[in-house]
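Have the structure open as you read.

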Amino acid sequence: MKMKQVAFLFLIFLASQTVHSWKKDEFRACDQTPFCKRARFRKPGACTLIAHDVSISDGDLTAKLIPKAPHDQDQDQIKPLTLSVSVYQDGIMRLKIDEDPSLDPPKKRFQVADVVISEFETKKLWLQSASTEKINGDDGGLSSVVYLSDGYEAVLRHDPFEVYVREKADNRRVVSLNSHGLFDFEQLRVKKEDEDWEERFRGHTDTRPYGPQSISFDVSFYGSDFVYGIPEHASSFALKPTRGPGVEESEPFRLFNLDVFEYLHESPFGIYGSIPFMVSHGKSGQSSGFFWLNAAEMQIDVLAKGWDAEGGILMPTEQSRIDTFWMSEAGIVDTFFFVGPGPKDVVKQYVSVTGLPAMPQLFSTGYHQCRWNYRDEEDVENVDSKFDEHDIPYDVLWLDIEHTNGKRYFTWDKMLFPHPEEMQRKLAAKGRHMVTIVDPHIKRDESFHLHKDASQRGYYVKDATGKDYDGWCWPGSSSYPDMLNPEIRSWWAEKFSYDNYVGSTPSLYIWNDMNEPSVFNGPEVTMPRDALHLGGVEHRELHNAYGYYFHMATAEGLLKRGDGKDRPFVLSRAFFAGSQRYGAVWTGDNSADWDHLRVSVPMVLTLGLTGMTFSGADVGGFFGNPEPELLVRWYQLGAYYPFFRGHAHHDTKRREPWLFGYDIFNVHVNSTLFILMY
Amino acid sequence: TSACPLGKFYCKNIGHAPSFLYSSRVNDGICGMICSRADCCDGSDEYDGKVKCPFTCHEAGKVAMESLKRKIEVYQEGVILRKVEIGLAKRAIARDKAELSGLKNEREVVEKVVHQLEGQVRKLEQEPQEKDDKMREARNEKVENEESGPDKNVDSQTEPMKASDVEKQGQAGESPSDQNEKDEHESSEGLSREELGRLVASRWTGKKSGEQVEETDPVKNDQEEGGPDAGYEESVADNAGRSSTAQYKIGVQDLKNSSDIATPSGKSWLDKIQETAQNFLQSVNLFSIPVANLDANKIRKEYNHYTAKLSDLESRISSLTEKLKFDFGKQNEFYLFYGRCFELKQDKYVYKVCPFRNATQEDGSSETQLG
């Protein structure tokens with residue numbers, strides 16, 4: 001008993017310790033997030049929607065979702081939703097549910113653009129007909145069944161509505177949606193006099209002009225014992241249940257791109273990137289997958305077995321199954337079901353939707369040496385020559401924010417880097433490359449040409465009142481280009497031409513940091529959700545994809561710069577589904593401790609599984625000073641990261657690999673692991 | 001590359017020094033450049049025909065020769081400088097040692113004087129005890145009033161007093177990080193948007209939020225910076241009178257200036273002290289009957305004067321002794337570096353090295369101690 005108390009006190013102590021680094025209360029927990037809190041309280045079977053007017057149109061299986069029993073009150077609020085099921089080659093079913101545009105909703109809900117590759121649309125199978133079945137155990141209700149691929153069918157049960165994929169031979173289910181009746185779709189409404197839609201969090205007000213608009217539903221994976229994916233979290237590879245029997249109390253896995261200072265090494269909390277793609281796997285060796293193309297804040301519960309014991313909903317019990325619960329603040333239902341059946345098939349199916357990883361340049365697969373900051377040209381030259389002196393291979397030298405003139409990207413600090421071209425040429429003469437940082441925040445300084453240009457053209461993201469949004473980041477007062485707009489992306493891409501980026505040479509590549517976007521004085525260190533993008537799209541609707549569009553624009557800039565003949569290399573911190581087409585990512589500001597070394601493995605594996613094959617963690621840990629053994633072990637592990645970079649905070653001691661002596665480095669790392677790479 | 005013994009490749013480099021090369025540099029497609037130790041200047045490491053390297057050993061040899069010559073010149077200059085320093089150090093050490101022994105003599109004398117005066121003072125204090133208790137009480141009260149005075153002033157905030165500064169300093173010294181933590185927590189909601197931005201940025205940059213605020217508000221900045229600093233100096237000065245250790249610290253800090261502190265000008269000065277003191281004591285002793293108040297004050301004044309003198313001597317002696325304890329090199333060639341500082345400006349940083357003391361990096365307002 002006493003021991004327990006001591007252990008408990010110790011835990012409290014640990015918890016209070018962590019508050020100092022990770023500012024937990026600065027970020028919204030599920031119960032501080034109305035849509036998440038509400039959704040988590042919903043009971044299985046709460047959904048009363050049924051599929052009506054089921055038919056084949058334009059090669060899709062379509063239907064209207066309407067409430068089963070007409071409501072007395074709020075009748076005007078519940079309009080039919082449109083549902084469509086499309087089928088694509090290689091066993092992919094796409095389910096979309098949105099408000100009916102013909103019913104004149106207050107606003108068009110945001111559908112994430114430029115993520116699904118154009119080739120995918122050419123793979124669509126035009127459905128000709130659907131068969132109607134009475135399926136055992138469905139109380140005689142009807143289901144519409146369409147062909148999906150050899151051996152698989154897509155099924156829409158009408159009442160209550162449910163969508164799933166099954167194996168044709170034995171009617172075995174693979175992936176299903178709304179089997180537990182948790183589906184909910186908050187439709188946009190016109191505000192009534194007495195309603196208050198504003199949300200407040202730590203002194204920030206979200207005006208929420210369109211009111212609540214969240215979506216939630218349950219997804220089940222059959223023949224599954226584990227689920228994986230949905231990066232980015234510092235957590236185990238197989239996702240642990242977040243709700244249900246045996247789970248004390250846990251946040252759902254959050255997908256909300258945030259710049260989290262000193263993130264924890266074990267937490268479902270959302271960090272820099274989001275890929276709402278989940279893969280399941282069972283002891284049978286079979287896998288399936290589910291992807292929700294939605295860039296708003298998402299929260300995902302992995303439900304422990306028996307979570308629905310009281311719900312009384314009978315599910316086929318002969319198969320092992322993992323149930324999950326997906327909640328999003330806005331957007332539409334645009335989901336992809338992948339039949340597998342093997343893990344590799346699932347990933348192949350996923351990348352046929354979002355694109356294959358870009359082929360990296362050979363040099364970028366080598367070792368990268370970074371630090372915040374290599375302070376001047378002399379430092380660069382010295383570091384470079386020390387690698388030669390110690391015969392340690394490396395390929396790329398990086399410059400962090402201090403190389404610029406006052407954090408104005410595309411510029412150089414004239415004192416510290418008076419001859420950037422010559423510096424790059426010296427490196428290039430040895431076949432080495434340089435990477436400089438370019439972040440999305442643009443210093444609001446009238447004498448800075450980039451700011452002047454962007455503000456005159458009206459290229460910045462707007463605040464809720466329609467003025468250029470003014471946030472705080474490294475340079476102080478800053479604004480952010482609206483990367484959702486293709487015209488602005490193209491404008492941005494031009495900035496990387498050798499003429500525009502003065503001091504750049506063909507051996508210079510780019511690092512995109514802070515593109516969550518990080519806003520030091522914004523709610524949760526990011527942009528307010530009611531900020532406005534192209535076409536009145538609210539930031540809440542595309543938040544998780546902002547960094548993706550920025551990464552895309554930068555990579556396109558490098559492609560343009562080289563007349564399409566030089567493969568870009570762009571490292572990004574924020575990412576979204578599809579980021580693999582534009583370059584590498586890393587796991588952000590980790591810490592120099594063994595726990596972060598450990599968690600980098602499942603983090604990088606998860607990224608690989610979800611298409612982001614080119615990824616790594618900062619070797620040595622960004623914050624703090626690694627003991628020599630930790631650093632050596634990290635180099636040994638890092639050699640196996642697809643993206644292999646040593647990086648460190650400016651307050652840390654210098655830790656270039658030769659500083660720890662011949663024995664430590666050469667014997668343990670250089671002689672064995674680097675040889676694998678070079 | 002497998003042909004290299006021990007993983008090293010030998011280049012003859014005729015016209016320059018032969019060298020061994022890491023085998024990773026052989027046929028790597030990169031030619032050696034002048035001054036680069038990384039490749040052979042004769043191009044012999046690139047033998048597979050991928051690239052043809054020019055023969056640069058003559059140029060490399062010339063460059064190497066010149067840099068060697070330059071190095072020799074620097075060394076020669078250094079040797080001359082060192083000799084000068086050794087000579088100067090010898091004289092300085094002799095002077096300091098002489099001063100030390102002089103000071104020790106002086107201390108002996110002054111100690112005696114103080115001892116005698118102490119006896120007198122004690123006598124004086126016993127007498128009035130019988131005579132007038134009330135007066136002593138009154139005096140005590142007065143002292144108490146004086147002590148509580150500054151506190152009252154703090155309350156009314158008429159003028160900044162030592163006590164308040166000391167208090168401030170004490171707080172700041174206890175746990176600045178705790179305070180920051182607290183500040184950050186309590187006040188982040190009340191911050192302006194700019195202050196919040198700076199506060200969050202400061203987590204990464206490591207700058208204290210206080211500094212950040214300073215940047216926004218130059219007026220506030222002055223107050224915040226000036227306040228504790230002034231307080232620090234004053235409180236040290238205050239402490240100095242009470243404890244000898246504090247005094248010693250100041251002695252070290254002031255070493256630069258203290259070398260020209262009035263040094264004894266020989267024996268005559270010492271004799272004079274002895275004389276005047278003795279004369280004075282004798283004149284007092286003449287009256288064995290209760291001494292007049294005037295004389296009592298005089299005795300106290302003299303006593304205070306000589307104890308102050310004694311503590312000055314002590315501090316000077318101990319600082320000299322400390323100084324002489326250091327290792328100034330084989331021939332004491334670094335003796336004159338003691339108490340001196342050297343500054344080097346590197347862009348925005350000023351590096352200051354004070355041998356036998358400390359080294360700092362100054363960046364405008366902030367200063368970092370270097371190990």
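Are R540(A) and E329(A) buried or exposed? Both R540(A) and E329(A) are buried, where buried means under 20% relative accessible area, exposed means over 50%, and partly exposed lies in between (1.4 Å probe, protein chains only).

## Ground rules

This is a predicted model, so to speak plainly about cut-offs: local features need pLDDT of at least 70, side-chain atom pairs count only at pLDDT 80 or more, and totals for chains, interfaces and linings use all residues. Residues are numbered from 1 along each chain as its sequence is written, chains are lettered from A and ligands numbered from 1 in the order in which they are written, and side-chain values use heavy atoms, leaving out hydrogens and water.

## Salt bridges inside chain A

The side chains of R540(A) and E329(A) meet in a salt bridge at 3.0 Å, N to O; the term covers a side-chain nitrogen of Lys or Arg within 4 Å of a carboxyl oxygen of Asp or Glu. R540(A) sits in helix α9 (residues 539-561) of chain A and E329(A) in the loop between β20 (321-328) and β21 (333-338) of chain A, so the bridge ties together parts 211 residues apart in sequence. Helices (H or I, at least four residues) and strands (E, at least two) are DSSP runs, numbered from the N terminus.

E199(A) and R28(A) make another salt bridge, with their closest N and O atoms 3.0 Å apart. This one also links distant parts of the chain: E199(A) is in strand β12 (residues 199-201) of chain A, R28(A) is in the loop between α1 and α2 (34-41) of chain A, and 171 residues separate them. E199(A) is buried at 10% relative accessibility, and R28(A) is buried at 6%.

## A surface pair in chain B

K325(B) and E322(B) form a salt bridge too, the closest N and O atoms being 3.1 Å apart. They are three residues apart in helix α11 (residues 293-325) of chain B, so about one helical turn separates them. K325(B) is exposed, at 60% relative accessible area, while E322(B) is partly exposed at 29%. Elsewhere, salt bridges with shared partners join a set of residues into one network, among them R28(A), E199(A), E329(A) and R540(A).

## Where the chains meet

Across the interface, 37 residues of chain A are in contact with 25 residues of chain B, contact being heavy atoms within 4.5 Å. The two chains bury about 2600 Å² between them, 54% of it on carbon and sulfur atoms; buried area is the accessible area (1.4 Å probe) that two parts lose on being put together, summed over both.

How many salt bridges are counted between chain A and chain B? The count is one: R203(B) pairs with E26(A), and their closest N and O atoms are 2.6 Å apart. On the side of chain A that touches chain B, α5(A) gives the most, with three residues.

Most residues other than glycine have a negative phi, and most peptide bonds are trans. Here, P231(A) and E232(A) are joined by a cis peptide bond with omega about 20 degrees, and the bond from W372(A) to N373(A) is cis with omega near 15 degrees.

D90(A) is not a glycine, yet has a positive phi of about 70 degrees. D90(A) lies in the loop between β3 (81-88) and β4 (92-99) of chain A and is partly exposed at 47%.
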